[in-house]
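My notes follow the display.

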Amino acid sequence: MSAPLAVYLRNADGWRLLLEVSDVQMTSTDPGGFASVEVDLARPLSSKMIPPFSDLLVYDRRNGEQVGGGRLLDGGRSLDASGQVWHLSGLGEGLASSADQKIPLFYIDREMGNWLLHERSTRRINASVGSPGGSSIDPGLLFEATEDRDFVTGATALMTNRLAEMTGQSLGAIGFNRREGQTGAGSSVKAVGYSDGMASGEDLYTDTWDTDAGGTRHVVKWDDWSASRSIAGFRWSRTGADYKATEDTWGRVADPVIQARVYDRDGAIRPGSFHNSETISAAQAFIDLCVRSMPRLDIATANITPSPYAFSTISEPDGITPFDLMEKLLETETAFTWAVWGLAENGYQWSTEFRSYDQTPRYYIPRPDGFTQPAPADEIRDQVIIRGSLPSGRQVATTRTRTVAALSAVNLHRTDTINLEGNWSTARANTQGDAYLAEHAEAPNGGNVTTTQPVYDSFTRRWVKPWEVRPGYKVTVGGILPDIDSSGRDTFQIVATSYTSASGAVTCELDQFSLTERRAIARLLRRR
Amino acid sequence: MSEYSHFEDLFQIVAAPKADATVLLDLNNGDPFRVGKDGWSSPPPNLRRSASTSNLYDGSGDAISVYDDREVSLTLHVLSDTQDECLEAIVALGRQLDRDGVWLLRRPAGATENSYFRLKRSEFTDVLEYNGQGDGFRTVSLTMPAEPFAFGDLETDEVVVQNNPVVGANRQGWVMPAIKGDVSAPLALSMSPASEPGDAVITSAASSPIILASPASGGGTGWTRTTVVDGEEDSMPAFAGGTAAKFTRTSGTAEAELTFEIPTPYQPGDYVAYVRMAVSVADNIRYSFGPVPVLPASTPIFGGDSGWIPLGTVRLGESVDPRFVPEDSAGSVGPWTLTQIVDWWDTSVGDWVIIDSLVLIPVELDNDFLRDGTTLILRDVPPDSGFSIDHRGVVAGAERFNGGAPVVVPGHTNRVGMILNDELTAETTITWSYYPRFLFSRAELT
């Protein structure tokens, strides 16, 4: 039978069924969802140009479900011996939306270097990053008054962190521990917040100096403030009478952490209580990214599975796309993925999901038409060194190991070194190291499998056609027993699919590294 | 006079594929054209196959097969009395051949029905000159590529369809009279729904849908189930079967499973499911449908609506191999899981959902895999407007549509379904039409 696919073009002029389609090629990737669609039209070159950023949508005529689609990025025409051909190339909405905005962004920032002295009333006091001395005091934001000089009434110093002002975000919370070298009602320490440009400010926390205050963690939250603030600060002041400073006239704020406001899936800001834990999960970051930078993705009705890992730092002041940020987060949260598929019910957004990988195989391909499997053993490692840097700038590293039978058998050890992004957290380094070793314990079950015949989908308990196979799920292939891979099961993981109507075949890429957005575009351009 | 025994064959170039269309050029009336003996050939079109073979199994797998153009050839004698008459006739012929989309009518002597061939731009393969003939007698050979199928006269009729799935002569669709032709034909429809329909779903399938008037059984934690009758609920005043099941949330994490009893026997295969339901508050309820409620992902209903909600494609009956024909199955299908996700939505005790009826439209049945159903979903059809679907599947009158236009297949039952997001009592008059399509030529009854 003919391939029952219908290709539609949608733009400001409305919906149109494309009748002159001579071939359709569709790809999907994990993560990302529908990745690309290419359509050849036998259409006179004299007809109107198709506006860019139109949507191409491919539907299965049998049940009306969308099986492919993308945002039109290239609507080129050509003329040669084969005739007048329009070649339309679209990039899947998930990949396209997640590359639309490259912006500086942070959720939680612990970088001590972002705190700078903003003002001091006299040079006899100072505030900077440092340690007050003594073996048990870690470095932090340190206020000092010059020893043997008067700490005068009205003396004040302010350190500020203006990261949120630079990125254009509003602060959600400021967290800190504080302790001073002397106890006294005449000196104060405050957490303060200012609006852009220091236009207006308010005190968010005030206390008098206390040597025993160190054990309490304070988190001041946005819904207790009178206005939205983008500049965080700490101010030490002398309110009482002058007195001569000693070596104990210091105040220190430890672990200062600023958090940005985070959107929830209904578009509202998460309440202040969300910020108490000073962590954020990958699922929560994904929801915020959709609301903030990817308005075309339907997050309100999306299928979101909460992810467990609590990230204590996410800060990208150099600018990052949502795609790249998710790639970083999923390096730690390896059991999760995200995808954007077809148009949602509302017709102006795309249906989105963030879910964990299923360990049960979903697809069974009984009659593969082609299969290749390279088996690179140089992917196998049994030791990894994770290195990073502390907030103070000191470089640290930790090592994780795993027993790998194939290497032990030949008395070989293979080590790799990877970097931990952002501030150091030993727990996060260990998690990332273990995840890396788990992936590299066996040669990947890489390769391709091709089929033109129906494939059994065990989740919906149906036989699906080749173009309905989705990446991000495991597959077993009839007649081929894969090696037991690192997940301990004799299955392959589909990382990408590619369907061509000319041959009616779907090619599933197995277990290789996921396709990045750059590779998807490069592939698209190479095909022209 | 005639030395040709087939002078009663009809070969005409006509303006349209209709019996009473204007004849633009007659090719076999002797004035001056006469089709030569054995001068016509119209072999059925070839199949263009994409098949794959592999060393991993026997035989080949046909992935796709579609028909190529057919080639029609004709040898014409120009029985003119003068040279000018002959040349004029050839010019007239040339004018027709130079166009794309010319209709050629053919009816062999003794046959009762016309066949129409839609020609593409054609060529003269040969013009045989008989030098020295003063009467301009020439023989012209033509090769005419044409669309793969020959067409018969238009079949058309009108039908009134009710929107109630359980009451009415044509409830949510109608069965087409026996389809003429050898191969499937696209069906054109035009209709004017009575009032604001919103969305409409048009399906064509090889058998009738399975309709269930209300969920048979079910329960769960946090829900109370009651039966409501017509008139009790303002949001949905009429129920297809007279009663409906209402689930009211009573507490905390609410999860309910409803099982639908499918009447026996049913045909195993893929079905597209539509449910008529209403919810009390927008965005509150999530559901999933199927034997294992994991996929498709559960979808919330946009509330306040009472209407037909798509649940996606589900499968009834398990089968190991799509080529294996199991006996018709019996029993229940489900569970259909209705859940309320507390952590994501603002939910409150007292929210409810009413489930009226479930319609399962076959799209691919196990014993019929030469025939797939089609589903066309029209969105946001404007109120009180007509819309039409033409023979190419182009829809006029809907803001947005997706899926495939209806197709009728000879040799099968053809049921065309229509579900409107409208009152249960709504009635729509639909005019359907199709051109029967033939691999060779039209016969009388088929």
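**Aromatic rings**

I began with burial: A:Y8 has a relative accessibility of 1%, under the 20% cut-off, and therefore counts as buried. I note that the model is a predicted one.

I then looked up A:Y59, which is also buried, with a relative accessible area of 3%.

I counted the aromatic pairs next, and the total over all chains is 28. One of them joins A:Y8 and A:Y59, with 5.5 Å from centre to centre and 90° between the planes, an edge-to-face arrangement. I traced A:Y8 to strand β1 (residues 5-11) of chain A and A:Y59 to strand β5 (residues 55-60) of chain A, so this pair ties together parts 51 residues apart in sequence.

I turned to A:F286 and A:W338, whose ring centres are 5.8 Å apart. I placed A:F286 in helix α3 (residues 282-293) of chain A and A:W338 in strand β23 (residues 336-343) of chain A; the pair links distant parts of the chain, 52 residues apart. I found both A:F286 and A:W338 to be buried.

I recorded one aromatic cluster formed by A:F143, A:F151, A:W209, A:W236 and A:Y243.

**Charges over rings**

Which ring face does A:R270 lie over? I found A:R270 over the face of A:F274, at 4.9 Å from the ring centre. I also looked up A:R470, which lies over the face of A:W341 at 4.0 Å from the ring centre.

Technical notes
Residues are numbered from 1 along each chain as its sequence is written. Chains are lettered from A and ligands numbered from 1 in the order in which they are written. This is a predicted model: local features need pLDDT of at least 70, side-chain atom pairs count only at pLDDT 80 or more; totals for chains, interfaces and linings use all residues. Side-chain values use heavy atoms; hydrogens and water are left out. Rings of Phe, Tyr and Trp (its six-membered ring) pair if their centres lie within 6.5 Å; planes under 30 degrees apart count as stacked, over 60 as edge-to-face and the rest as tilted. Helices (H or I, at least four residues) and strands (E, at least two) are DSSP runs, numbered from the N terminus. Buried means under 20% relative accessible area, exposed over 50%, partly exposed in between (1.4 Å probe, protein chains only). A charge sits over a ring if NZ of Lys or CZ of Arg is within 6 Å of the ring centre and within 35 degrees of the ring normal.
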